[in-house]
Amino acid sequence: MGVTEPELDVRDLGDRWGSCRPPQAGAGVEGLMSLGWPLFQLPMHLIDYVIAHELAHVKVPGHREDFWRLLRTALPEYEERRADLDELGRRLWMGDVR
């Protein structure tokens, strides 16, 4: 996707699998990708989908058509993986670990 690799952390994100704060050019702010700990209960192909999804946000905020187009370049089968994540995600515990 031609994006700068953000820093990475794993933490409780509530009901989200991941989030991404892109780097801010000229502001000295590094990018940060956060992955929710429940993600690591999933099969690897779905973890790859979430990471690719968040990396696409480095270039394109939101979920407009240009976002999905970019994600498709990295992961042509993203729609199938997204559907798998939605289905499997309904059955996983994403509760607080505190």
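**Notebook: pocket and helix packing**

I began with the lining of the largest pocket, whose residues divide into five nonpolar, four polar and five charged. I counted Ala, Val, Leu, Ile, Met, Phe, Trp, Tyr, Cys and Pro as nonpolar, Asp, Glu, Lys and Arg as charged, and the others, Gly among them, as polar.

I noted the ground rules. This is a predicted model, in which local features need pLDDT of at least 70 and side-chain atom pairs count only at pLDDT 80 or more, while totals for chains, interfaces and linings use all residues. Residues are numbered from 1 along each chain as its sequence is written, and side-chain values use heavy atoms, with hydrogens and water left out.

**The pocket**

I looked up the volume of the largest pocket: about 260 Å³. Of its 14 lining residues, Trp-17, Tyr-49, His-53, His-63 and Leu-85 are the closest to the centre. Two elements give two or more residues to this lining: helix H1 (44-59) and helix H3 (78-89). H1 gives the most, with five residues. A pocket here is an open set of points on a 1 Å grid over the protein atoms alone, where a 1.4 Å probe fits, with protein on both sides within 12 Å along at least five of seven lines; lining residues have an atom within 4 Å of a point. The volume is the space filled by probe spheres set on the points, which are joined across faces, edges and corners. Helices (H or I, at least four residues) and strands (E, at least two) are DSSP runs, numbered from the N terminus.

**H1 and H2**

I turned to helix H2 (residues 65-74). Its axis and that of H1 come within 9 Å and cross at roughly 130°. H1 is therefore oblique to H2. Axes are lines fitted to C-alpha atoms, for helices over the stretch in contact, with angles from 0 to 180 degrees between N-to-C directions. Angles under 35 degrees count as roughly parallel, over 145 as roughly antiparallel, 65 to 115 as roughly perpendicular and the rest as oblique. Which residues make the contact? From H1 come Tyr-49, Ala-52, His-53, Ala-56, His-57 and Lys-59; from H2 come Phe-67, Trp-68, Leu-70 and Leu-71. Contact means heavy atoms within 4.5 Å. I sorted the residues of this contact into seven nonpolar, two polar and one charged.

**H2 and H3**

The axes of H2 and H3 come within 9 Å and cross at roughly 100°. These two helices are therefore roughly perpendicular. H2 brings Trp-68, Leu-71 and Arg-72, and H3 brings Tyr-78, Glu-79 and Arg-82. By class I found three nonpolar, no polar and three charged residues.

**H1 and H3**

For H1 and H3, the axes come within 10 Å and cross at roughly 110°. H1 is therefore roughly perpendicular to H3. On the H1 side I listed His-45, Leu-46, Asp-48, Tyr-49 and Val-50; on the H3 side, Tyr-78, Arg-81, Arg-82, Asp-84, Leu-85 and Leu-88. The residues of this contact divide into six nonpolar, one polar and four charged.

**Glu-30**

Last, I found Glu-30 in the loop between strand E2 (18-21) and strand E3 (32-36). Glu-30 touches Glu-7, Arg-21 and Pro-23, not counting residues up to four places away in sequence.
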